[in-house]
Amino acid sequence: MFDYAATGAHTRTSRCNGAGDAPRHLRVHGGTLLSGAIDVKTSKNACVALLCASLLNRGTTTLRKVARIEEVNRILRVLDSMGVHHEWIGQDLRLTPPERLDLTRLDTDAARRTRSIIMFLGPLLHDHPEFELPFAGGCELGDRTVEPHMVALRRFGLSVETSGGVYRATVKDRVDPPGTIVLTERGDTVTENAIMAAARFPAVTVIRNASCNYMVQDLCFFLEHLGIRVDGVGTTTVTVHGREDIDADVDYAPSEDPIEAWSLVAAAIVTESEITVRRVPIEFTEIELALAEEMGLEYAKGPEYLAENGRTRLTDLTVHPSRLRAPMDKIHPMPFPGLNIDNLPFFALIASCAEGSTMIHDWVYENRAIYLTELNRLGARVRLLDPHRIEVAGPAAWTGAEVVCPPALRPAVVLLLGMLRAQGTSELRHVNVIHRGYEHLAERLQLLGAEIEAF
């Protein structure tokens with residue numbers, strides 16, 4: 001098996017907002033049926049994008065029902081070090097910028113622990129002719145080039161040199177209006193960076209091959225609240241009518257997280273339980289649901305209603321115990337409206353509950369597939385075909401085991417959910433990576449009847 005200890009990733013701890021005091025290990029007594037209802041929390045990736053986008057605004061930004069997760073805390077540490085004041089008011093977060101950001105005191109430790117730091121480039125290029133940011137970090141999922149970001153932002157006058165573990169950015173005094181930008185990668189963060197750069201460029205910018213995923217849509221809705229006109233939201237061509245200055249007190253509620261929603265659906269599937277998952281952003285889970293239905297999943301869908309942002313469609317899903325079969329075709333992700341790349345790992349778990357053999361192709365990340373083979377410690381039969389593909393034979397004979405958390409968020413949660421099914425006692429060690437993207441996940445599963453102890 002892969003030696004996670006060799007990576008050193010599982011020894012990382014946090015020092016912000018008490019997150020460093022979070023439990024490092026979880027003990028799970030498996031084989032218990034779950035029941036009840038659970039609400040989906042606001043989107044991790046949308047909240048992170050909005051924190052970055054708050055740098056565009058000279059006024060006060062209030063974000064509603066922000067999940068208190070490690071990824072948010074890391075971005076807040078970086079913002080704090082730049083002079084941005086933040087205040088928690090219950091579940092809401094208020095951000096007040098200084099007259100001018102101080103980039104000389106940037107918290108490089110927090111910045112290096114998140115891939116989201118790359119999204120500071122778009123907002124910062126407007127007011128800072130020269131600045132440095134540390135290399136992006138986050139989950140260990142393999143190398144992903146940042147060149148698509150540079151191709152897009154170069155049109156706004158940004159040039160970046162990399163050396164010594166930092167991006168050294170310089171911005172031209174004058175640049176021609178970008179006009180139409182064709183992104184070389186339909187990535188979420190690439191699209192967000194381009195949109196944020198365009199928001200304060202006083203011209204009309206057309207961005208083609210744009211991601212239209214959930215966090216990009218929330219970013220566009222937020223910018224509209226700031227007075228920026230954005231056409232084509234939800235399509236692959238986004239037109240931003242930029243303004244040189246943004247100074248508005250804004251109050252915005254990001255929508256719910258489709259990845260957490262599917263995590264909770266997967267928890268019901270693997271434990272053969274009947275659970276109602278409330279406030280599911282159905283537009284961003286429809287493909288996953290259709291695929292699971294083809295595999296035999298039985299569920300009931302309630303009427304649709306709007307999220308607090310007034311735009312995103314939500315519904316309540318009740319998952320019923322189901323007899324699953326392997327799909328006819330391989331399972332692979334695609335840009336929205338395809339199957340979400342972050343939901344793909346949960347199909348390794350679902351396939352382990354299905355009769356037959358399933359191939360899963362993770363063509364985006366080089367390293368993530370190997371982490372899913374850790375399900376074998378719990379009795380699953382996952383065979384690594386190459387760095388991008390696994391074959392899953394089901395149904396698994398689930399048994400308890402002690403497993404070290406992989407240094408990747410979604411595979412770590414997959415292991416936790418597998419332990420809910422496994423007979424006997426399991427231990428999941430060094431669970432800090434789960435706190436990065438989920439707020440009190442173990443405690444919320446306990447409310448559904450899961451037997452989980454933190455230690």
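Colleague: R436 first. Buried or exposed?

Modeller: R436 counts as buried, because its relative accessibility is 8%. Buried means under 20% relative accessible area, exposed over 50%, and partly exposed in between, with a 1.4 Å probe and protein chains only. This is a predicted model: local features need pLDDT of at least 70, side-chain atom pairs count only at pLDDT 80 or more, and totals for chains, interfaces and linings use all residues. Residues are numbered from 1 along each chain as its sequence is written, and side-chain values use heavy atoms, with hydrogens and water left out.

Colleague: Where does R436 lie?

Modeller: In the loop between α13 (432–435) and α14 (441–446). Helices are DSSP runs of H or I with at least four residues, strands are runs of E with at least two, and both are numbered from the N terminus.

Colleague: And which side chain does R436 join in a polar contact?

Modeller: E71, at 2.8 Å. A polar contact is a pair of N or O atoms within 3.5 Å; within protein, one must be able to donate a hydrogen and the other to accept it, and residues adjacent in sequence count only if both atoms are side-chain atoms.

Colleague: Salt bridges next. How many?

Modeller: The count is 31. The rule is a side-chain nitrogen of Lys or Arg within 4 Å of a carboxyl oxygen of Asp or Glu.

Colleague: Which residue does D251 meet in a salt bridge?

Modeller: R64, with 2.4 Å from N to O. D251 is in strand β13 (residues 250–252), and R64 is in the loop between β3 (61–63) and α2 (70–81). They are 187 residues apart, so this pair links distant parts of the chain. D251 counts as partly exposed at 38% relative accessibility. R64 is partly exposed too, with a relative accessible area of 28%.

Colleague: What about R77?

Modeller: R77 and D109 meet in a salt bridge at 3.1 Å, N to O. R77 lies in helix α2 and D109 in helix α3 (residues 108–112), so the pair ties together parts 32 residues apart in sequence. R77 counts as buried at 12% relative accessibility. D109 is partly exposed, with a relative accessible area of 29%.

Colleague: And R279, which partner?

Modeller: E256, with the closest N and O atoms 2.9 Å apart. R279 sits in strand β14 (residues 274–281), E256 in the loop between β13 and α8 (258–271). Both R279 and E256 are buried.

Colleague: Which residues are linked in a network of salt bridges?

Modeller: R27, E402, E427, R429 and E453.

Colleague: Helices now. At what angle do α1 and α7 cross?

Modeller: Roughly 40°, and the axes of α1 (residues 44–53) and α7 (residues 214–225) come within 8 Å. That makes α1 oblique to α7. Axes are lines fitted to C-alpha atoms, for helices over the stretch in contact, and angles run from 0 to 180 degrees between N-to-C directions. Under 35 degrees counts as roughly parallel, over 145 as roughly antiparallel, 65 to 115 as roughly perpendicular, and the rest as oblique.

Colleague: Which residues meet there?

Modeller: N45, A46, A49, L50 and A53 in α1 meet Y214, M215, D218, L219 and F222 in α7. Contact means heavy atoms within 4.5 Å.

Colleague: How about α6 and α7?

Modeller: The axes of α6 (residues 188–199) and α7 come within 9 Å and cross at roughly 15°. The two helices are therefore roughly parallel to each other. On the α6 side, the contact residues include I195 and M196; on the α7 side, they include L219 and L223.
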